[in-house]
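Here is a walk through one protein model, written for someone who likes to check the geometry on screen. Have the viewer open and follow along.

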Amino acid sequence: MTGFVSLKKPIVAALLCLLVASFNTHAQTSAADIIAKARERARNIEEFKGVLNDPDQNVRLAAFEVMVTNGDPLMRELALDTGFASTDQVLRALAFKYAVLGLEQIILTLEKADSAPKNVQERTEAYLEKYGQKLVINIDTGEVDLNTGYFSYGNKTGNISGTVMTFTYGYYVGDLRLQDDNSLAGHVSYANGNSQFKATAPIR
């Protein structure tokens, strides 16, 4: 029995050594794979960034649409960031459309429109006191049309055209434009103009 125990210890030790060696080899291989994949990913990103800045506008637009629709979140964000920062207004408008139509909601902040008649301003102040400054524009992402810019939520509808977003959501009618800081700003009226607001919203 003593001989068996003394024989067992070296075997166990040898097995442990093999297990550790196998783990280290696997870890090294996994690390090497990760590094290789990361480098390949970085090369792909740089290539796409280059294409998004191609001198040919058609190439830029085609690359943008491929990146923003291929299901890769990183590529989508890269395309949107590049589009919003672009001096190409067509590409910027395209980024705006895809960004808005990819949202489930836009939260507008409302303020009294100082340019409105005094009686309208008074009704607007009463509205803000009762309902607050936030107006949520919900978007059914399954019903958007990326070709026309159409979006909806039930029987409420809106549209993106260029860098302008318009909507008719029940009693609310809005007209907002993309700003230099990539936010939205414009006007919203309520109940046939009984209340009129300045409206702003972040979209990124």
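This is a predicted model: local features need pLDDT of at least 70, side-chain atom pairs count only at pLDDT 80 or more; totals for chains, interfaces and linings use all residues.

The partner of β2 is strand β1 (residues 105-112), and the two pair in the antiparallel sense over five bridges. For a landmark in that pairing, look at Thr-109, whose bridge partner in β2 is Lys-134.

## The sheet as a whole

Now zoom out. The protein chain has five helices and eight strands, and along the sequence they follow the pattern α-α-α-α-β-α-β-β-β-β-β-β-β. The chain has 204 residues, and buried ones make up 33% of them. Among contacts with a separation of 6 or more, residues 24 or more positions apart account for 50%.

In what order do the strands of the open sheet sit? The order is β2-β1-β8-β7-β6-β5-β4-β3, with antiparallel pairing. The edges are β2 and β3, each of which pairs on one side only. From one strand to the next, the twist averages 25°.

Elsewhere in the sheet, β5 and β6 run antiparallel and are joined by six bridges. Thr-166 stands opposite Asp-175 in β6.

## Helix α4 against the sheet

Helix α4 packs on the sheet and touches β1, β3, β4 (156-161), β5, β6 and β7. The direction of α4 makes about 160° with that of β4.

How many of the 13 residues of α4 are buried? Eleven are, so the helix is mostly covered. The buried set is Leu-91, Arg-92, Ala-93, Leu-94, Ala-95, Phe-96, Lys-97, Tyr-98, Ala-99, Val-100 and Leu-101; note that Arg-92 and Lys-97 are on that list.

The length of α4 (residues 89-101) checks out too: at 1.5 Å a residue it should span 18 Å, and its end C-alpha atoms are 18 Å apart. At the start of α4, a side-chain oxygen of Asp-88 comes within 3.0 Å of the backbone nitrogen of Val-90.

Helix α3 (residues 73-85) has 13 residues and reaches 18 Å from its first C-alpha to its last, close to the 18 Å expected at 1.5 Å a residue. Its start has an Asp as well: a side-chain oxygen of Asp-72 reaches to within 3.0 Å of the backbone nitrogen of Leu-74. The buried residues of α3 are Met-75, Leu-78, Ala-79, Leu-80, Thr-82, Gly-83 and Phe-84.

## Helix α5 and Thr-124

Helix α5 (residues 118-131) lies across β1, β6, β7 and β8 (195-202), running at about 55° to β8. Within α5 you'll find Thr-124.

Is Thr-124 buried or exposed? With a relative accessible area of 0%, under the 20% cut-off, Thr-124 counts as buried. Leaving out residues up to four places away in sequence, Thr-124 touches Lys-112, Ser-195, Gln-196 and Phe-197. The side chain of Thr-124 also reaches the backbone nitrogen of Gln-196 at 3.0 Å. The C-alpha atoms of Thr-124 and Asn-194 are separated by 7.5 Å, though these residues are 70 apart along the chain.

## Aromatic pairs

There are nine aromatic pairs in the structure. One of them is Phe-151 with Tyr-169, a tilted pair at 6.3 Å centre to centre with 50° between the planes. Phe-151 belongs to strand β3 (residues 150-153) and Tyr-169 to strand β5 (residues 164-169), so the pair links distant parts of the chain, 18 residues apart.

Tyr-171 and Tyr-190 make an edge-to-face pair, 6.1 Å centre to centre and 70° between the planes. Because Tyr-171 lies in the loop between β5 and β6 (172-178) and Tyr-190 in strand β7 (residues 183-190), this pair ties together parts that are 19 residues apart in sequence. At 61% relative accessibility, over the 50% cut-off, Tyr-171 counts as exposed. Tyr-171 and Tyr-190 also belong to one aromatic cluster together with Tyr-127, Tyr-131, Tyr-172 and Phe-197.

Key: Residues are numbered from 1 along each chain as its sequence is written. Side-chain values use heavy atoms; hydrogens and water are left out. Rings of Phe, Tyr and Trp (its six-membered ring) pair if their centres lie within 6.5 Å; planes under 30 degrees apart count as stacked, over 60 as edge-to-face and the rest as tilted. Helices (H or I, at least four residues) and strands (E, at least two) are DSSP runs, numbered from the N terminus. Buried means under 20% relative accessible area, exposed over 50%, partly exposed in between (1.4 Å probe, protein chains only). Two strands pair if DSSP finds at least two bridges between them. The expected span of a helix is 1.5 Å times one less than its number of residues. A polar contact is a pair of N or O atoms within 3.5 Å; within protein, one must be able to donate a hydrogen and the other to accept it, and residues adjacent in sequence count only if both atoms are side-chain atoms. Axes are lines fitted to C-alpha atoms, for helices over the stretch in contact, and angles run from 0 to 180 degrees between N-to-C directions. Contact means heavy atoms within 4.5 Å.
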